[in-house]
Amino acid sequence: MARREHERILQDTEREQGHTALRNNVRAALALADAVRSTIGPLGLDKMLISDEGDVQVTNDGVTVLEAAKVEHPTARMLISTSSVQDDEARDGTSSAIVLTAELLLNALDWIDRGIHPSVMVAGYRIAMDHSLIAIEDISRPMEEADNIRIVSTSLAGKVGEDVRRILSNLAVETASIAADRGSSKHVDPDLIKRIIIRGGRIADCERVDGIVLRKTRLDSQTPSRLDGGKVLLLDGGLDPKELSVNASIRITEPGMMARFLQRQKQEMKERVDAIAEAGIDLLIVRDGIHEDAIPILRDAGIVTYRRVERTDLELIARACGARIVRDVQGIRSESIGEFNSVNEERWESIDHVRIHGSVGSGQTVVLRGSTDAVIDEVSRAFDDAIGVACGLQEEPKMLPGGGAIQIALARRLRSHATSIPGREQLAVEAYAAALESIPRALAENSGLDGLDQIIAITAAQTSSSNDWLGIDVTDRSIHPMNERGVLEPVRIARQAITGATESAISVLRIGDILWAKQDAQMPDWQSDINQDED
Ligand code: ADP
Ligand code: MG
């Protein structure tokens, strides 16, 4: 075979591999997106997930559906990670991000099939993303006080019942705003809010309390159950002889040696407790165990002790008390010691709890209640979402209209911007606008309406009144300004969905692009092989 002929065949093969790879990747994305599309919006369908063990879970949450799906395909896995990033960054909008990614890919493939090179689609998508991000700022509005609760409540729509939604939205907004008021910056980390789950009681009794609450009883009931202020030491370890002798192995060679060894261990332990007492500690909280021999020594030193406290709880207490967690009690430095305003043991539902008020941040605990495990699961998952959204709003108190309004508004702007783009990227910008419309389409279809008709109706309504805030309220299936309906979304969620979905789609398109690298960017011509791999 002539060398040139050989090269041509090789190139053709690569080209075909690239195209097939992209098709397969898009197919994987679409299959996944179909599973979450029907959950979008308050009237979205619930999915019943059945694990290998036969456990059944019913959920309306896209990210839960995705995490449960045992997907092997690398592209599909990447989409799942996009939705996880969305969940981490914005705590909402995960289903929308997935659906948007899949639509971006599908629309790109349409144009690629018609001869547009993937790199052109990538460039056009970047233009569209940048344009959308600027438009979002322009369309957004500052929030009024009452909008906080309305926005958090929108994010819980369809996830929990109406009452639970109201209770949790109020609780999350109250907690986040207190945390922001007390903090030094507007950045509130939802993980710094302690949650306690109590089985039993009504959901209406979910509440926020000041202080860090742990489900713990003090080690020694002869020590006081309350202290009004003092010094606290947090130990990442324990007070146990086993832990004191660093990996030492001993060989017993003569009688009395074991007894002497134990005696020495006891002595070492006493020295450690003495070191704590000398530092003037009133409250000792340790992660591991405490040997019973240490109990009377601690008591004599007037130290109240809690053991087996989780590392995450130690960190919360450290923050609230201005302490540093130490690994070793020898040579405790003053900056490691924290201060508390009070420690109090309380009985809740016949279980002992201790409440610690720090001197620096005080800390907050949210008490979640539910009658059964299933209810508790649902309530705590919903609260996680609610507190995430509520904390994000403290940092960036700006909102956008929900109900498909923002996507239609962006699509309108993109379409009119597209006409000014001289190159083929124009097509990609239009494809991007069409992909955004998949969100209002899903909202409409999930509430029994025709998706296309609703897109057209909202677009016409927005254009004729120059009002970007008109969207569809699916509770009565009518078009209204979304601020009047309280269907509102944080800017942060929309921004993250757009950047996350675009980056994710682009990286899939690039997989094909790498294989096409040797081709002329303007003229990829696969017309001949399209029919062959169509199925
Ligand atoms: P995601 O995982 O993307 O957040 P959701 O199932 O939570 O998906 O649905 C969110 C979408 O539902 C948002 O676009 C939001 O604007 C919309 N939505 C919430 N309540 C309403 C409502 N009453 N009418 C119309 N759309 C709503
Ligand atoms: Mg949501």
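How many of the ten residues of helix α6 are buried? The first legend takes up this question, and the legends after it turn to other close-up views of the structure, which is a predicted model.

View 1. Helix α6 covers residues 147–156, and eight of its ten residues are buried, so the helix is largely enclosed by the rest of the structure. The buried residues are Asp-147, Asn-148, Ile-151, Val-152, Ser-153, Thr-154, Ser-155 and Leu-156. Just after α6 comes Gly-158, whose backbone takes a positive phi of about 85 degrees.

View 2. Strands of a sheet pair through backbone hydrogen bonds, and the pairing can be either parallel or antiparallel. Strand β14, made of residues 398–401, is joined to β17 by three bridges, and these two strands run antiparallel. Within this pair of strands, Met-399 stands opposite Pro-490 of β17.

**View 3. The shell around ligand 1.** Ligand 1 is surrounded by 20 residues, of which the closest are Asp-92, Ser-95, Ser-96, Gly-403 and Glu-489. Sorted by class, this shell holds seven nonpolar, nine polar and four charged residues. Oxygen atoms of the ligand lie close to N or O atoms of the protein at several places: a backbone N or O atom of Gly-403 is 2.8 Å from a ligand oxygen, a side-chain N or O atom of Lys-159 is 3.1 Å from one, and a backbone N or O atom of Thr-39 is 3.4 Å from one. Taken alone, ligand 1 exposes 570 Å², and the protein buries 94% of that area. The elements that give two or more residues to the shell are α4 (94–113) and β15 (470–473), and it is α4 that gives the most, with three residues.

**View 4. Arg-208 in strand β5.** Arg-208 has its place in strand β5, which is made of residues 207–210. Is this residue buried or exposed? With a relative accessible area of 18%, Arg-208 is buried, because the cut-off for that word is under 20%. Its side chain makes a polar contact of 2.6 Å with the side chain of Gln-364, and a polar contact of 3.5 Å joins the side chains of Arg-208 and Glu-174. When residues up to four places away in sequence are not counted, Arg-208 touches Leu-171, Glu-174, Thr-175, Ile-178, Gln-364, Thr-365 and Val-366.

**View 5. Thr-312 in helix α11.** Thr-312 is found in helix α11, which covers residues 311–321. This residue counts as partly exposed, since its relative accessibility is 49%. How far apart in space are Thr-312 and Asp-191, C-alpha to C-alpha? The two residues are 121 residues apart in sequence, and their C-alpha atoms are 9.3 Å apart in space.

Technical notes. Residues numbered from 1 in each chain as written. Chains lettered and ligands numbered in written order. Predicted model: local features only at pLDDT ≥ 70, side-chain atom pairs only at ≥ 80, totals over all residues. Heavy atoms only, no water. Near = heavy atom within 4 Å. Polar contact = N/O pair within 3.5 Å; in protein donor to acceptor, adjacent residues only side chain to side chain. Areas by Shrake-Rupley, 256 points an atom, 1.4 Å probe, with all protein chains shown as cover. Helix = DSSP H or I, 4+ residues; strand = E, 2+ residues; numbered from the N terminus. Nonpolar A, V, L, I, M, F, W, Y, C, P; charged D, E, K, R; others polar. Pairing = 2+ DSSP bridges. Buried < 20%, exposed > 50% of the residue type's maximum accessible area, 1.4 Å probe, protein only. Contact = heavy atoms within 4.5 Å.
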